[in-house]
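Colleague: Before we discuss this model, I would like each label to be set against its definition. Could we take the terms in turn?

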Amino acid sequence: MARPQWKSTLSGMARLSRTLFGPASSFADVDGYVGTWVLNTGKSYFDPGPPIKSETLIVTDAGNGLLHVLDAENFGDGTSDHLEWSTMLNGKKNPVSGGSDVDSVTERLTKLSTYKAVFRKAGHRVTWETAHITSDGKTMHSFMHGKSPDGTPWKYHLVFERQR
């Protein structure tokens with residue numbers, strides 16, 4: 001059975017949001033976002049299921065306020081995805097590679113611990129997300145919404161834990 005296209009998009013947005021949030025004193029201080037974030041499936045919510053089997057976000061400091069994001073996920077149907085992009089969290093569109101259901105992301109910080117993202121394919125919005133990092137910088141909550149290719153709405157609450 002093929003993995004629904006919307007699962008990869010949703011998960012990718014959640015990953016980016018999770019890795020980018022953190023206790024940072026300014027936009028230039030990306031250290032609060034950098035690290036490895038692992039999905040806690042037991043604390044996450046998937047409507048409809050099946051749930052994502054595993055997901056890891058790796059965010060690195062690429063210099064000059066630029067973050068590089070790697071998002072690896074494994075789905076309940078045995079398929080997997082690997083997304084990659086760079087961002088300054090400034091509201092500008094950035095290309096996403098490695099995914100068949102997304103080709104760009106626009107992300108911005110609304111507060112130092114809150115992030116919003118829109119993932120698109122061929123210019124059309126496929127997934128949108130709001131994520132928040134807890135004050136201790138150890139947990140990221142990602143609230144994602146979208147519609148599957150057949151028009152069925154979905155929503156996820158993904159809980160990521162920092163592994164630094």
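Colleague: What makes Lys-43 count as exposed or buried?

Modeller: The relative accessible area of Lys-43 is 54%, and exposed means over 50%, buried under 20% and partly exposed in between (1.4 Å probe, protein chains only), so Lys-43 is called exposed. Please keep in mind that this is a predicted model, in which local features need pLDDT of at least 70 and side-chain atom pairs count only at pLDDT 80 or more, while totals for chains, interfaces and linings use all residues. Residues are numbered from 1 along each chain as its sequence is written, and side-chain values use heavy atoms, with hydrogens and water left out.

Colleague: Why is the pair of Glu-161 and Lys-43 called a salt bridge?

Modeller: The term asks for a side-chain nitrogen of Lys or Arg within 4 Å of a carboxyl oxygen of Asp or Glu, and the closest N and O atoms of Glu-161 and Lys-43 are 3.5 Å apart, so the pair qualifies as a salt bridge. The two residues are 118 apart and link distant parts of the chain, Glu-161 being in strand E11 (residues 153-162) and Lys-43 in the loop between strand E1 (35-39) and strand E2 (45-47); strands here are DSSP runs of E with at least two residues, and helices are runs of H or I with at least four, numbered from the N terminus. The structure holds 1 salt bridge.

Colleague: How do you know whether Glu-161 is buried, partly exposed or exposed?

Modeller: Glu-161 has a relative accessibility of 25% and therefore counts as partly exposed.

Colleague: What makes Ser-142 count as buried or exposed?

Modeller: Ser-142, which is placed in strand E10 (residues 139-147), has 0% relative accessibility and therefore counts as buried.

Colleague: Why is the link between the side chains of Ser-142 and Glu-129 called a polar contact?

Modeller: A polar contact is a pair of N or O atoms within 3.5 Å, where within protein one must be able to donate a hydrogen and the other to accept it, and residues adjacent in sequence count only if both atoms are side-chain atoms. The side chains of Ser-142 and Glu-129 are joined at 2.2 Å, so the distance falls within that limit.

Colleague: What makes Asn-64 exposed or buried, and where does Asn-64 lie?

Modeller: Asn-64 has a relative accessible area of 79% and is therefore exposed; Asn-64 lies in the loop between E3 and strand E4 (66-75), and its phi is near 55°, a positive value in a residue other than glycine.
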